[in-house]
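Here are some exercises to work through with the sequence and the 3D view open. Try each task on your own before reading its solution.

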Amino acid sequence: MNNSNNTNPGNRDWSLHVGGKTALVTGAAGGLGHSFTRCLLEAGATVIVSGRRREALESLKSDFPEHAGRIHVVTMDVTDETSVTEAFDTMADDVGIPDVVVSNAGVATSKKALDHTGSDWDQVVDTNLKGCWLVANEAARRLSAINRGGSIIMISSILGHRVAGNVAPYAAAKAGVEQLTRALALEWARYGIRVNALAPGYIETDLNRDFFATEPGQKMIRRIPQRRLGQAGDLSGPLLLLASDLSDYMTGSTLVVDGGHLQSSL
């Protein structure tokens with residue numbers, strides 16, 4: 001039986017390990033960002049939600065009215081260094097520097113490599129890779145300046161490990177995120193700042209649900225050893241582990257959550 005929509009995995013009291021922390025979630029308004037926000041709020045964290053559209057971010061307070069007092073909204077374009085710096089200035093003034101950073105903002109295009117333009121490449125790589133770098137670097141700079149550790153969680157993908165057709169820039173960016181995770185983990189361990197990655201497989205969302213109901217979509221699902229799509233709740237346990245003090249001796253690691261997809265035969 002699939003209980004993957006449960007955002008409190010194992011019914012553990014995660015507030016013992018995440019409660020009292022302040023977490024930043026980039027790309028928080030939709031998709032996985034919305035689920036990550038819910039997960040961290042339910043575990044007792046104060047959550048700073050960020051993105052480019054303030055109206056969409058403000059709506060999270062009505063989505064989670066019981067936690068509205070622990071939601072703080074900061075607009076930020078992760079591809080713009082000035083925007084990132086100004087957003088962290090706002091956080092420092094309003095709620096403090098986050099202990100946990102979930103670098104989730106991302107975009108993708110779907111077309112053949114020969115049809116991708118330079119601007120397509122820039123849009124995807126700047127958001128998915130440069131954005132991770134800018135946000136992580138700003139967080140680490142400020143945490144290290146006050147001698148405080150933290151946990152940075154890069155949202156990667158199984159496409160950082162294997163490839164699929166029509167997503168060359170995205171696959172390249174996510175592979176870069178994996179290597180960036182390891183490089184920053186090496187440098188920042190001395191400051192008590194851990195850097196790990198979470199690599200989802202195919203997760204069902206509003207955007208892909210109709211496709212996966214088609215025969216080509218069903219064929220893709222049959223290649224997953226567990227023979228099902230992931231649900232956003234399947235990522236809750238790994239996310240909370242990386243955000244919490246239970247993973248204090250983990251850095252430079254990637255947790256793959258894909259129903260065994262990476263182990264399927266070529």
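This is a predicted model: local features need pLDDT of at least 70, side-chain atom pairs count only at pLDDT 80 or more; totals for chains, interfaces and linings use all residues.

## Exercise 1: The nonpolar cores

**Task.** Work out which elements give two or more residues to the largest nonpolar core, and which one gives the most.

**Solution.** 
- Step 1: Take the core as a whole. This largest nonpolar core has 31 residues, and Phe36, Leu40, Val49, Val102, Ile153, Leu198 and Leu239 are those with the most contacts inside it.
- Step 2: Go through the elements. Those giving two or more residues are β1 (22–26), α1 (31–42), β2 (46–51), α2 (54–63), β3 (71–75), β4 (100–103), β5 and α8.
- Step 3: Pick out the main contributor: α1 gives the most, with five residues.
- Step 4: Zoom in on Val49. Beyond its neighbours within four places in sequence, Val49 is in contact with residues including Val25, Leu57, Leu60, Ile71 and Val73.
- Step 5: Note that there is a second, separate core of 29 residues, which includes Val74, Ala140, Leu143 and Ile152.

## Exercise 2: Thr46 and His72

**Task.** Decide for Thr46 and for His72: buried or partly exposed?

**Solution.** 
- Step 1: Place the residues. Thr46 lies in strand β2, and His72 is found in strand β3.
- Step 2: Apply the cut-off, by which buried means under 20% relative accessible area. Thr46 has 17% relative accessibility, so Thr46 counts as buried. His72 has 26%, so His72 counts as partly exposed.
- Step 3: List the contacts, leaving aside residues up to four places away in sequence. Thr46 is in contact with Lys21, Thr22, Ala23, Arg70, His72 and Val95. His72 touches Thr46, Val47, Ile48, Val49 and Val95.
- Step 4: Check one distance in the viewer. The C-alpha atoms of His72 and Ser50 are separated by 8.6 Å, and these residues are 22 apart along the chain.

## Exercise 3: Positive phi in loops

**Task.** Say where Asn166 is found and what the place of Arg227 is, then look at their phi angles and accessibility.

**Solution.** 
- Step 1: Recall the background: most residues other than glycine have a negative phi.
- Step 2: Asn166 has a phi near 75 degrees, a positive value in a residue other than glycine. Asn166 is found in the loop between β5 (150–155) and α5 (168–188), and is partly exposed, with a relative accessible area of 37%.
- Step 3: Arg227 has a positive phi of about 60 degrees, although it is not a glycine. Its place is in the loop between α7 (215–222) and α8 (236–243). With a relative accessible area of 54%, Arg227 is exposed.

## Exercise 4: A pocket and its lining

**Task.** Sort the lining of the second largest pocket by class.

**Solution.** 
- Step 1: The second largest pocket has a volume of about 220 Å³.
- Step 2: Its lining residues are Ile158, Leu159, Arg162, Val163, Ala164, Tyr202, Met220, Arg223, His261, Leu262 and Ser264.
- Step 3: By class, the lining has seven nonpolar, two polar and two charged residues.

Methods: Residues are numbered from 1 along each chain as its sequence is written. Side-chain values use heavy atoms; hydrogens and water are left out. Helices (H or I, at least four residues) and strands (E, at least two) are DSSP runs, numbered from the N terminus. Buried means under 20% relative accessible area, exposed over 50%, partly exposed in between (1.4 Å probe, protein chains only). A nonpolar core is a set of buried Ala, Val, Leu, Ile, Met, Phe, Trp, Tyr and Cys residues joined through side-chain atoms within 4.5 Å. Contact means heavy atoms within 4.5 Å. On a 1 Å grid over the protein atoms alone, a cavity is a set of points where a 1.4 Å probe fits but cannot get out, and a pocket is an open set with protein on both sides within 12 Å along at least five of seven lines; lining residues have an atom within 4 Å of a point. Grid points are joined across faces, edges and corners, and a volume is the space filled by probe spheres set on the points. Ala, Val, Leu, Ile, Met, Phe, Trp, Tyr, Cys and Pro count as nonpolar, Asp, Glu, Lys and Arg as charged, and the others, Gly among them, as polar.
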